[in-house]
Amino acid sequence: MSKPVLTAADLTVIAEVVPALDPFPTRPWDRDRLWAAVLDAHLKAKTKADRAAFQQALGAIQVLDALDRLYVRRGE
């Protein structure tokens, strides 16, 4: 059985429907830009709600990172 394959477009669609990532740049898929935006939000977090929003975004981006590493083909 072959492993499923995702594209960057698939990751964009997934990221766009994750509410925790609404305030962040998800289109087009750019892992580094998304990580930078989430980490910037962490640095600017002042309230408990800001920190909670960061934690949710961090969890979502970690899942997307796993999908990216496991299922997106890189010029093989």
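Is Thr-12 buried or exposed? In this predicted model, Thr-12 is buried, its relative accessible area being 5%.

## Thr-12 in helix α1

Helix α1 spans residues 8-16 and contains Thr-12. The 5% relative accessible area of Thr-12 falls under the 20% cut-off, and the residue therefore counts as buried. When residues up to four places away in sequence are not counted, Thr-12 touches Thr-26, Arg-27, Pro-28 and Trp-29.

## Packing of α2 and α3

Helix α2 comprises residues 31-44, and its axis lies 10 Å from that of α3. The two helices pack at an angle of about 160°. Angles over 145 degrees count as roughly antiparallel, and α2 and α3 are therefore roughly antiparallel to each other. The crossing in which α2 passes α3 is left-handed.

From α2, the residues Arg-31, Leu-34, Trp-35, Val-38, Leu-39 and His-42 take part in the contact. Their counterparts in α3 are Phe-54, Ala-57, Leu-58, Ile-61, Gln-62, Leu-64, Asp-65 and Asp-68. Divided by class, this contact of α2 with α3 has 9 nonpolar, 2 polar and 3 charged residues.

## Asp-65 at the contact

Asp-65 belongs to helix α3, which covers residues 48-71, and is among the α3 residues that meet α2. Asp-65 has a relative accessible area of 6% and is buried.

With residues up to four places away in sequence not counted, Asp-65 touches Arg-31 and Trp-35. With Trp-35 there is also a polar contact, formed between the two side chains at 2.8 Å.

Key. Residues numbered from 1 in each chain as written. Predicted model: local features only at pLDDT ≥ 70, side-chain atom pairs only at ≥ 80, totals over all residues. Heavy atoms only, no water. Helix = DSSP H or I, 4+ residues; strand = E, 2+ residues; numbered from the N terminus. Buried < 20%, exposed > 50% of the residue type's maximum accessible area, 1.4 Å probe, protein only. Polar contact = N/O pair within 3.5 Å; in protein donor to acceptor, adjacent residues only side chain to side chain. Contact = heavy atoms within 4.5 Å. Axes fitted to C-alpha atoms, helices over the stretch in contact; angles between N-to-C directions. Parallel < 35°, antiparallel > 145°, perpendicular 65-115°, else oblique. Left-handed = near helix turned anticlockwise from the far one by under 90°. Nonpolar A, V, L, I, M, F, W, Y, C, P; charged D, E, K, R; others polar.
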